[in-house]
Amino acid sequence: MLSSKNVVVVEAWNTTTTTQTQTPHRPSLLHPTFYWGYNCQVLFSGWPGSDRGMYALALIFVFFLAFLAEWLARCSDASSIKPGADKLAKVAFRTAMYTVKSGFSYLVILAVVSFNGGVFLAAIFGHALGFAVFRGRAFRNRDIQ
């Protein structure tokens, strides 16, 4: 330990504390900026860890979460409900779909908070492809007039 006036530098954790508290801050796994690499933590403690295969699985998982969130956004539209269905059933269906979509979207947000560049790109591409497939005009059925 090196000390200078009222500041103590703890070399093991590379953090500073004041002499009044004498409790160093623990190192954080969160990075304040985006970084590139497979050694990260996404959504769950210790997952994917430092294994490249598990990192690839994490990227695929985040991609499909974002993709499914776009699909669920499309499913909750009024056009996907049968016209003769009960009004209460329509509201319950749309509410359930919105709830699940929101849960998936929040999981994608939590994954992106890992500040890993690959996870960020997987989320963006999952949302983009999901939008193009399910809600974009390019893949919609066109009525022949």
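Select F125 to begin: F125 is exposed, at 52% relative accessible area (exposed means over 50%, buried under 20% and partly exposed in between, with a 1.4 Å probe and protein chains only). This is a predicted model, where local features need pLDDT of at least 70, side-chain atom pairs count only at pLDDT 80 or more, and totals for chains, interfaces and linings use all residues. Residues are numbered from 1 along each chain as its sequence is written, and side-chain values use heavy atoms, leaving out hydrogens and water.

Next, show the helix that holds F125, α3 (residues 117-135); helices are DSSP runs of H or I with at least four residues, numbered from the N terminus. From first C-alpha to last, the 19 residues of α3 reach 26 Å, close to the 27 Å expected at 1.5 Å a residue (the expected span is 1.5 Å times one less than the number of residues). Colour the buried residues of α3: G117, G118, V119, A122, A123, G126 and G130. Their cover includes α1 and α2 (87-112).

Now move to α1 (residues 52-75) and select F64 and F67, which lie three residues apart, about one turn of the helix. F64 is partly exposed at 44% relative accessibility, whereas F67 is buried at 16%. The structure holds eight aromatic pairs (rings of Phe, Tyr and Trp, the last by its six-membered ring, with centres within 6.5 Å; planes under 30 degrees apart are stacked, over 60 edge-to-face, the rest tilted). The ring centres of F64 and F67 are 6.4 Å apart and their planes stand at 90 degrees, so this pair is edge-to-face.

Definitions and conventions
Helix = DSSP H or I, 4+ residues; strand = E, 2+ residues; numbered from the N terminus. Contact = heavy atoms within 4.5 Å.
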